[in-house]
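Student: I am new to this structure. Could we take a close look at a single part of it?

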Amino acid sequence: MPPPGQQLSEREAALLTEYELIRNEVKKMGSLIAEINEEELDALTQSMRSVEQKLALVYTVFRSSIYAHLSQQNIGQTQDGMSVYSEQFQTNCPPFD
């Protein structure tokens, strides 16, 4: 604010008016964000927990399939470490006896 007895120029008055408008908008945004945090945060947290549980399940299934694959490869090897299958036709299917 200007000292007592001094008037604001038009530019200064317009600038102060714009600052007041911006302050009001920021205040509205702050209250809107607080409202969203109060109402929607629990739903978002529950949704994220669900995603986390599904991801853990997929991770477990992936690890078990890798383990099964590696175990199957160890079964397919002979005592000297050479593969029973031909190098040309390696698959992840069990051999037909």
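Student: How many residues apart in helix 1 are lysine 28 and glutamate 25, and what separation along the helix is that?

Tutor: Lysine 28 and glutamate 25 are 3 residues apart in helix 1, so about one helical turn separates them. Before the details, some ground rules: residues are numbered from 1 along each chain as its sequence is written, and side-chain values use heavy atoms, with hydrogens and water left out. This is a predicted model, in which local features need pLDDT of at least 70 and side-chain atom pairs count only at pLDDT 80 or more, while totals for chains, interfaces and linings use all residues.

The side chains of lysine 28 and glutamate 25 form a salt bridge, with 3.6 Å from N to O. The term stands for a side-chain nitrogen of Lys or Arg within 4 Å of a carboxyl oxygen of Asp or Glu. The structure has 1 salt bridge. Lysine 28 is exposed, since its relative accessible area is 52%, whereas glutamate 25, at 46%, is partly exposed. The classes are buried for under 20% relative accessible area, exposed for over 50%, and partly exposed in between (1.4 Å probe, protein chains only).

Helix 1 covers residues 10-75. The chain has 1 helix and 0 strands; these are DSSP runs numbered from the N terminus, with helices (H or I) of at least four residues and strands (E) of at least two. Of the 97 residues in the chain, 1% are buried.

Two surface patches can be described as well. A patch takes residues with over 30% relative accessible area and no salt bridge, joining like charges within 9 Å and nonpolar side chains (Val, Leu, Ile, Met, Phe, Trp, Tyr) within 5 Å. The nonpolar patch includes Leu15, Tyr19, Ile22, Val26 and Met29, and its members together have about 770 Å² of accessible area, computed by the Shrake-Rupley method with a 1.4 Å probe. Leucine 15 lies in helix 1 and is partly exposed at 45% relative accessibility. The other patch carries negative charge and consists of Glu35, Glu38, Glu39 and Glu40; Asp and Glu count as negative, and the charge of Glu is placed at CD. Glutamate 35, also in helix 1, is partly exposed at 39%.
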